[in-house]
Amino acid sequence: MTLRVYGDSISGNCHKVRWVLDRLSRPYEWRETDVLSGATRTPEFLAINPAGQVPTVVLEDGRTLAQSNAIMLHLAEGTDLVPADAYDRARMFEWLFWEQYSHEPYVAVRRFHLHYLKKAPAELDPKLFERGSAALARMEAGLADGDYLAGGRLSLADLALLAYTRLSHEGGFDLRLYPRVRAWVARVEGDLGLPAA
């Protein structure tokens with residue numbers, strides 16, 4: 001059985017999983033699952049993931065796994081996307097946990113409301129912009145010592161944070177204010193063979 005990925009192409013969290021699979025040259029079947037149309041709320045999808053969220057994968061042995069960073073960690077275990085050094089690996093985990101708690105809830109959510117729901121900036125909680133800007137500033141500081149976020153080379157930390165950072169302009173964030181982040185985005189896009197966002 002081929003690994004199946006249930007994902008929505010508008011979701012950076014779903015792209016993270018796709019990027020890992022592509023980087024590792026692992027075969028998979030992509031099942032487009034449109035969140036806006038309610039595809040994650042159907043009985044068929046809820047039988048696979050009762051939380052009703054994408055990405056969700058069905059592994060080759062039929063087991064399922066959800067949550068983008070958990071999926072990435074499972075797929076990349078034992079590869080060069082996970083640092084071998086214990087401290088560098090812990091730094092990667094630090095960025096992964098931070099991404100879901102302090103970056104995605106602001107940068108991605110503001111992007112979703114402005115770009116997909118077509119809301120005006122005045123309709124949104126100003127904290128989304130404030131905290132999203134603080135997250136980008138934290139990344140700018142984190143890149144002061146190197147070209148990548150953990151271990152001096154491409155890791156899952158970079159893939160996780162690239163997903164919404166590269167599209168942050170769609171949420172009203174200006175990456176020109178964060179030159180190290182802009183350079184990092186271009187570097188990681190190049191590493192992954194992605195076109196510039």
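This is a predicted model: local features need pLDDT of at least 70, side-chain atom pairs count only at pLDDT 80 or more; totals for chains, interfaces and linings use all residues.

User: How many helices and strands in the chain?
Analyst: The chain has 7 helices and 4 strands. In sequence order they run β-α-β-α-β-β-α-α-α-α-α. The radius of gyration is 17 Å, close to the 16 Å from the globule rule for 197 residues, so the chain is as compact as a globular protein of that length.

User: What does the C-alpha trace span along its principal axes?
Analyst: About 45 × 45 × 25 Å.

User: And what share of the residues is buried?
Analyst: Buried residues make up 46% of the 197.

User: Switching to charges. How many salt bridges?
Analyst: The whole structure has 11. One of them joins Lys16 and Glu99, with the closest N and O atoms 3.2 Å apart. That pair links distant parts of the chain: Lys16 sits in helix H1, Glu99 in helix H4, 83 residues apart.

User: Are Lys16 and Glu99 buried or exposed?
Analyst: Both Lys16 and Glu99 are buried.

User: Which residue does Glu94 pair with?
Analyst: Arg91, at 2.8 Å between the closest N and O atoms. Glu94 is partly exposed at 38% relative accessible area. Arg91 is partly exposed too, at 22%.

User: Where do Asp147 and Arg187 sit?
Analyst: Asp147 is in the loop between helix H5 and helix H6, and Arg187 is in helix H7, 40 residues apart. Their side chains form a salt bridge at 3.6 Å, N to O. Asp147 is partly exposed at 44%, and Arg187 is partly exposed at 26%.

Key
Residues are numbered from 1 along each chain as its sequence is written. Side-chain values use heavy atoms; hydrogens and water are left out. Helices (H or I, at least four residues) and strands (E, at least two) are DSSP runs, numbered from the N terminus. The radius of gyration is taken over C-alpha atoms; the globule rule is 2.2 Å times the number of residues to the power 0.38. Buried means under 20% relative accessible area, exposed over 50%, partly exposed in between (1.4 Å probe, protein chains only). A salt bridge is a side-chain nitrogen of Lys or Arg within 4 Å of a carboxyl oxygen of Asp or Glu.
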